[in-house]
Amino acid sequence: MIDLRSDTVTKPSPAMLEAMLKAKVGDDVFGEDPTVNELESLAAKIFGMEAGLFCPSGTMTNQIAIKVHTQPGDEVICDKLAHIYQYEGGGIAFNSGCSVKLLEGDRGRFTAEQVLEGINAFEDYKARTSLVAVENTTNRGGGSCYKFDDIIAIKKVCQEYNLGLHLDGARLFNALIQNNETPKQYGKLFDSISICLSKGLGTPVGSVLLGTNTFIKKARRVRKVLGGGMRQAGFLAAAGIYALENNVGRLKEDHLHAKLIAEALSQKDFAGEILPVETNIIVAEIKGSLTPTDFTAKMKAAGISLMAISTNQIRMVLHLDISIKMVHEIIKTIKEL
Ligand SMILES: *Cc1c(COP(=O)(O)O)cnc(C)c1O
């Protein structure tokens, strides 16, 4: 089966598994796992930030960040498509007791002016706006990327109104590779950054939260409260180190593969609007003779798995377990539908 449902379906390569097997480990709740410590400081160094915290998932790194940045009764500003709002089980309310101000962005991206409009007046009866969360690349927005200048403008508003600025960078490396940006540019602007190792970078588990020493000290405590304190987690962290050292540059292949498949799809009558393919995600409207469910079923019958994400849209996600040979097979199948 060629699996395009998500970039989380990748399996560790033999070389990654070997790095995991060889890891030196200790009890990370005691702060004694050398490989976890190495991953945390490597990620922090890459972003020019003070400290990192290894967590089991991107949901946990985001939720911890929100918890540390806010007090119950505060409000978080994010896009209406944001993962932290759509796909984290209501965690903003559950874990942090906060409400959200949802912005009507463009494919998951919003502007500094929208943030400004979204900030509540400082009144007794208003929730206190305390945090802005940016997602780059956007997941539900089809892998779209922010222009860096737009993030700088958002940061200015946050500084003026004393708001924290968090980055859900589950797929940040896709944006960096695509736009020739550097991790340090992002490290300078954001108060906290969450990166996923288990998506395009291909590890079985893990995300890293980055911030100042003080922020990460608080975050470490919240991780424990949420049950995310792991013991000999170095076996997992070793996969993360391997991924950061070996799997970042190749992301551009996924972007090329996504463009090739989208191009083939666009020639078909049943393809409606295809969101501009900026990185490794294709979101396409399916219309006329086929429904998204029909399309998904036909592709599945040909050995290709993907997801219908709404009544009229499908999603395909490229990743490191999809070779160019498979891409040709996918294109051939689409052409014959
Ligand atoms: C996948 C993802 C996450 C985290 O997901 P987990 O499955 O909890 O690791 C967070 N944000 C975005 C934008 C994502 O795509």
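Ser130 is in contact (heavy atoms within 4.5 Å) with His69, Thr70, Asp74, Glu75, Leu163 and Gly164, leaving aside its neighbours within four places in sequence. This residue belongs to strand S5 (residues 128-135); strands (E, at least two residues) and helices (H or I, at least four) are DSSP runs, numbered from the N terminus. Ser130 counts as buried because its relative accessibility is 6%, where buried means under 20% relative accessible area, exposed over 50%, and partly exposed in between (1.4 Å probe, protein chains only). The model is predicted: local features need pLDDT of at least 70, side-chain atom pairs count only at pLDDT 80 or more, and totals for chains, interfaces and linings use all residues. Residues are numbered from 1 along each chain as its sequence is written, and side-chain values use heavy atoms, with hydrogens and water left out.

In the side chain of Thr59, an N or O atom is 2.5 Å from an oxygen atom of the ligand. For Gly58, a backbone N or O atom lies 2.8 Å from a ligand oxygen atom. The side chain of Lys199 likewise places an N or O atom 2.7 Å from an oxygen atom of the ligand. The ligand taken alone exposes 380 Å², of which the protein buries 84%; accessible areas come from the Shrake-Rupley method with a 1.4 Å probe.

Strand S10 (residues 281-286) is mostly covered, with 5 of its 6 residues buried. Strands pair if DSSP finds at least two bridges between them. Strand S9 (residues 271-274) pairs with S10 in the antiparallel sense over 2 bridges, and a hairpin of 6 residues joins S9 to S10. Within this pairing, Ala271 stands opposite Ile286. Strand S10 also runs antiparallel to strand S13 (residues 313-317), to which 5 bridges join it. Here Ile281 stands opposite Val317.

Methods: A polar contact is a pair of N or O atoms within 3.5 Å; within protein, one must be able to donate a hydrogen and the other to accept it, and residues adjacent in sequence count only if both atoms are side-chain atoms.
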